[in-house]
Amino acid sequence: MLALAALAWLQSPTPALTEHRIANIFKPLASPAESEYQIALFSFVITGAIFVAVAGLIIYTMVRFRRRRDDDTRQEPPQVYGSNQIEAAWTVIPILIVFVLIGVTARVVASVENASPPASTVKLTLIGHQWWWEVQYPDFGVVTANEIHVPVSRDGAHTATYLQLESVDVIHSFWVPQLSGKTDLIPNRDNFLWIDPREPGVYLGNCAEYCGTQHANMLLRVIAEERSDFERWAAEQRRPAEQDGQIGEARATFESLSCVNCHTVKGTAAAGKFGPDLTHLMSRQTLGAGVLANTGANLRAWVNDPQQSKPGCFMPSMKLTDRELDQVVAYLQTLK
Ligand code: CUA
């Protein structure tokens, strides 16, 4: 089953981009993640040195002064009472260490948060829903879901993407480990974040704040591509859905069902806002916010009963007849 899924995955017509499949915090590929990685390393070295010194002294003392057969238990070793030097040392040194850590951390946080966007910056709004991500590009007139396309940042042409983070229900958290640290998506509050991926590819992320039963399946992809590819993608996404005479019947079936109350397909009667925009569903790599690869068989299974793949999600099984299911799936597959 897993092997089959992997095979279907390999064969799915995804662009030839490197998949940074391992969401690895130790291999940062964007400025904010890089700064955060360095400061984590710095703190780790300092706290590691303290640990080694303290543990080393304890072990040395245990071994050196262990009880011996000929010990005279009536005699105490020499005692130290009220040494100003020792007390000053173990008060002042930890304070200095704490201040160094505070200072270095504050500097990095400020440099990440106060960075001013370059002119070529792409802005997008990421909205958390239970349990999927809505992605809006107001400047491009694009709305999509669960996959964020961004231009890659090159040495000569530094660029970045600014994300405004919002939530319609509960607190979620954006986390794509190779691009930046976590930032929460909080209802009634706008948070901001920026990323500048240095290598083209697909970066995996997930919701990092427990937000209900399908929290673990609230997955996210960041697709970093050359600026020209990004612009082409945005232009494709802006188009309304394809109008094709041959799919008239399938489309009529889709529009007659209650799918349209929750989903939008630009240029049709479907204008619901509760679920993901489906206008260009076939251009995405996954279904159900990353739970299934976007293949024909998976799409059919998902539409038939989403609760099988994502129990508890808000899309119910519509109990479609086989004919309706065929038509809806056929129609969705035209949404390129
Ligand atoms: Cu959304 Cu956890």
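Ground rules come first. The model is predicted, so local features need pLDDT of at least 70 and side-chain atom pairs count only at pLDDT 80 or more, while totals for chains, interfaces and linings use all residues. Residues are numbered from 1 along each chain as its sequence is written, and side-chain values use heavy atoms, with hydrogens and water left out.

Let me start with helix H2. Helices here are DSSP runs of H or I with at least four residues, strands are E runs of at least two, and both are numbered from the N terminus. H2 covers residues 31-64. Is its length in agreement or disagreement with what its residues should span? The 34 residues of H2, at 1.5 Å a residue, should span 50 Å, and the end C-alpha atoms are 48 Å apart, which agrees. The expected span is 1.5 Å times one less than the number of residues.

Buried means under 20% relative accessible area, exposed means over 50%, and partly exposed is in between, with a 1.4 Å probe and protein chains only. The buried residues of H2 are Pro 32, Ala 33, Ser 35, Ile 39 and Ile 46. They pack against helix H3 (84-113) and strand E9 (191-195); contact means heavy atoms within 4.5 Å.

Together with Val 54, Ile 58, Ile 59, Met 62 and Val 63, Ile 50 makes a nonpolar surface patch of about 550 Å². Patch residues have over 30% relative accessible area and no salt bridge; like charges are joined within 9 Å, and nonpolar side chains (Val, Leu, Ile, Met, Phe, Trp, Tyr) within 5 Å. Areas come from the Shrake-Rupley method with a 1.4 Å probe, and for residues only the protein chains shown count as cover.

Next, Ser 173. It lies in strand E7, residues 172-175. Ser 173 counts as buried because its relative accessibility is 1%. Its side chain makes a polar contact with the side chain of Asp 184, at 2.9 Å. That term means a pair of N or O atoms within 3.5 Å; within protein, one must be able to donate a hydrogen and the other to accept it, and residues adjacent in sequence count only if both atoms are side-chain atoms. Leaving out residues up to four places away in sequence, Ser 173 touches residues including Trp 133, Leu 185 and Cys 207.

On to salt bridges. The whole structure has eight. The cut-off is a side-chain nitrogen of Lys or Arg within 4 Å of a carboxyl oxygen of Asp or Glu.

Arg 154 pairs with Glu 226, with the closest N and O atoms 2.5 Å apart. Why does this pair tie together parts that are 72 residues apart in sequence? Because Arg 154 lies in the loop between strands E5 and E6, and Glu 226 in the loop between strand E11 and helix H4.

Two others stay within a helix. Glu 231 and Arg 227 bridge at 3.1 Å; both lie in helix H4, four residues apart. Glu 255 and Arg 251 meet at 3.4 Å, both in helix H5. Glu 255 is partly exposed at 25%, whereas Arg 251 counts as buried at 18%.

Last stop, Gly 296, in helix H6. Its C-alpha atom is separated by 81 Å from that of Pro 78, 218 residues apart along the chain.
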